[in-house]
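Please read the following briefing alongside the sequence and the coordinates.

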Amino acid sequence: MIPDKEEINKLRKDEELAESVKIWHKMLEKGDLNQEVFIKLVGEKIEEIERRE
């Protein structure tokens with residue numbers, strides 16, 4: 001089955017969020033970010049992605 005345009009866009013957005021969270025999580029583990037900043041960044045990224053819909 002070939003994914004439609006809507007599915008492809010959702011996958012791209014999911015991948016974008018996942019990549020950002022992966023980077024920020026590594027920074028959190030190293031102590032470069034605290035948990036509050038991590039949560040704020042994730043929330044802002046989700047809002048940014050949703051605005052583009």
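This is a predicted model: local features need pLDDT of at least 70, side-chain atom pairs count only at pLDDT 80 or more; totals for chains, interfaces and linings use all residues.

Residues are numbered from 1 along each chain as its sequence is written, and side-chain values use heavy atoms, with hydrogens and water left out. Helix H1 spans residues 5-30, and helix H2 spans residues 35-51; helices here are DSSP runs of H or I with at least four residues, numbered from the N terminus.

**Packing of the two helices**

- H1 and H2 pack at an angle of about 165 degrees with their axes 10 Å apart, where the axes are lines fitted to C-alpha atoms over the stretch in contact and angles run from 0 to 180 degrees between N-to-C directions.
- The two helices are therefore roughly antiparallel to each other, a term that applies to angles over 145 degrees.
- The crossing of H1 past H2 is right-handed, which means that the near helix is turned clockwise from the far one by less than a right angle.
- On the H1 side, the residues that meet H2 are Lys 13, Glu 16, Leu 17, Ser 20, Val 21, Trp 24, His 25 and Leu 28; on the H2 side they are Gln 35, Phe 38, Leu 41, Val 42, Lys 45, Ile 46, Glu 48 and Ile 49, with contact taken as heavy atoms within 4.5 Å.
- The residues of this contact between H1 and H2 divide into 9 nonpolar, 3 polar and 4 charged, where Ala, Val, Leu, Ile, Met, Phe, Trp, Tyr, Cys and Pro count as nonpolar, Asp, Glu, Lys and Arg as charged, and the others, Gly among them, as polar.

**Salt bridges**

- Side chains of opposite charge can pair when their charged atoms come close.
- The whole structure contains 6 salt bridges, each defined as a side-chain nitrogen of Lys or Arg within 4 Å of a carboxyl oxygen of Asp or Glu.
- Within H1, Asp 14 and Lys 10 lie 4 residues apart, about one turn of the helix, and their side chains form a salt bridge with an N to O distance of 2.9 Å.
- Asp 14 is partly exposed at 37% relative accessibility, whereas Lys 10 is exposed at 52%; buried means under 20% relative accessible area, exposed over 50% and partly exposed in between, with a 1.4 Å probe and protein chains only.
- Within H2, Glu 44 and Lys 40 are likewise 4 residues apart, about one turn of the helix, and the closest N and O atoms of their salt bridge are 3.8 Å apart.
- Glu 44 counts as partly exposed because its relative accessibility is 40%, and Lys 40 counts as exposed because its value is 54%.
- Glu 48 and Lys 45, also in H2, are separated by 3 residues, about one turn of the helix, and their side chains meet in a salt bridge at 3.7 Å, N to O.
- Glu 48 is partly exposed, with a relative accessible area of 31%.
- Salt bridges that share partners join Glu 16, Lys 45, Glu 48 and Arg 52 into one network.

- Lys 45 lies in H2 and is buried, so described because its relative accessible area is 13%.
- Apart from its neighbours within four places in sequence, Lys 45 is in contact with Glu 16, Leu 17, Ser 20 and Trp 24.
- Ile 49 is also found in H2, and it counts as buried because its relative accessibility is 7%.
- When residues up to four places away in sequence are not counted, Ile 49 touches Lys 13, Glu 16 and Leu 17.

**Separations in sequence and in space**

- Asp 14 and Ile 49 are 35 residues apart in sequence and 9.1 Å apart in space, C-alpha to C-alpha.
- Ile 49 and Arg 12 are 37 residues apart in sequence, with 10 Å between their C-alpha atoms.
- Ile 8 lies in H1 and is partly exposed, with a relative accessible area of 31%.
- The C-alpha atoms of Ile 8 and Arg 51, 43 residues apart along the chain, are separated by 17 Å.

Note on methods. Angles under 35 degrees count as roughly parallel, over 145 as roughly antiparallel, 65 to 115 as roughly perpendicular and the rest as oblique.
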